[in-house]
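Hi everyone, thanks for making time for this. Could you bring up the sequence and the model so that we can walk through them together?

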Amino acid sequence: MDGIRGYISIREASCRRGVSERRVNRNCVAGRIPGASRFGRSWAIPEDAKKPSDPRKADTNRMSRR
């Protein structure tokens, strides 16, 4: 995505965040990355977008132990 200032590609976002490209793509599709825009078959992700929390992981503070 050279040429679009202030935005990065899914590949760049996955490298910066340490997750797979597929995970970043799924977050974009689900609307979990604010400001992500679709251009044809590609996504443009704002450079300053925060990494969304992983919904698969439970909040350990809320879990009760028996």
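Let's begin with a question: which residues line the largest pocket? Before I answer, a word on where this comes from. This is a predicted model, where local features need pLDDT of at least 70 and side-chain atom pairs count only at pLDDT 80 or more, while totals for chains, interfaces and linings use all residues. Residues are numbered from 1 along each chain as its sequence is written, and side-chain values use heavy atoms, with hydrogens and water left out.

Now the pocket. Its lining is made of Arg17, Val19, Arg23, Asn27, Arg32, Lys51, Pro52, Ser53, Asp54, Pro55 and Arg56. A pocket here is an open set of points on a 1 Å grid over the protein atoms alone where a 1.4 Å probe fits, with protein on both sides within 12 Å along at least five of seven lines, and lining residues have an atom within 4 Å of a point. The space in this largest pocket is about 150 Å³, a volume being the space filled by probe spheres set on the points, which are joined across faces, edges and corners. By class, the lining has six charged, three nonpolar and two polar residues. For those classes, Ala, Val, Leu, Ile, Met, Phe, Trp, Tyr, Cys and Pro count as nonpolar, Asp, Glu, Lys and Arg as charged, and the others, Gly among them, as polar.

Next, the overall layout. The chain has two helices and three strands, and from the N terminus on they run β-α-α-β-β. Helices (H or I, at least four residues) and strands (E, at least two) are DSSP runs, numbered from the N terminus. Of the 66 residues in the chain, 24% are buried; buried means under 20% relative accessible area, exposed over 50%, and partly exposed in between, with a 1.4 Å probe and protein chains only.

Let's take the helices in turn. In H1, the buried residues are Ile10, Ala13, Ser14 and Arg17. They cover an arc of only 100° around the axis, so they sit on the same side of H1; that arc is taken from the directions from the helix axis to the C-beta atoms. On the other side of H1, Arg11, Cys15 and Arg16 are exposed. Strand E1 (7-8), H2 and E3 are among the elements covering the buried residues of H1.

What about H2, residues 21-29: which of its residues are buried? They are Val24, Asn25, Asn27 and Cys28. Looking down the axis of H2, these fall within an arc of 160°, so they line one face of the helix. The face turned away from that buried side carries the exposed residues Arg22 and Val29. The buried residues of H2 pack against helix H1 (10-17) and strand E3 (42-46), where contact means heavy atoms within 4.5 Å. Just after H2, Gly31 takes a positive phi of about 80°.

The largest nonpolar core has nine residues in all: Ile8, Ile10, Ala13, Val24, Cys28, Ile33, Trp43, Ile45 and Ala49. By nonpolar core I mean a set of buried Ala, Val, Leu, Ile, Met, Phe, Trp, Tyr and Cys residues joined through side-chain atoms within 4.5 Å. H1, H2 and E3 each supply at least two residues of this core. Take Val24: leaving aside neighbours within four places in sequence, Val24 is in contact with Ile10, Ala13, Ser14, Val19, Ile33 and Ile45.

Ile4, in the segment before E1, is partly exposed at 32% relative accessibility. Lys50, in the segment after E3, is exposed, with a relative accessible area of 66%.
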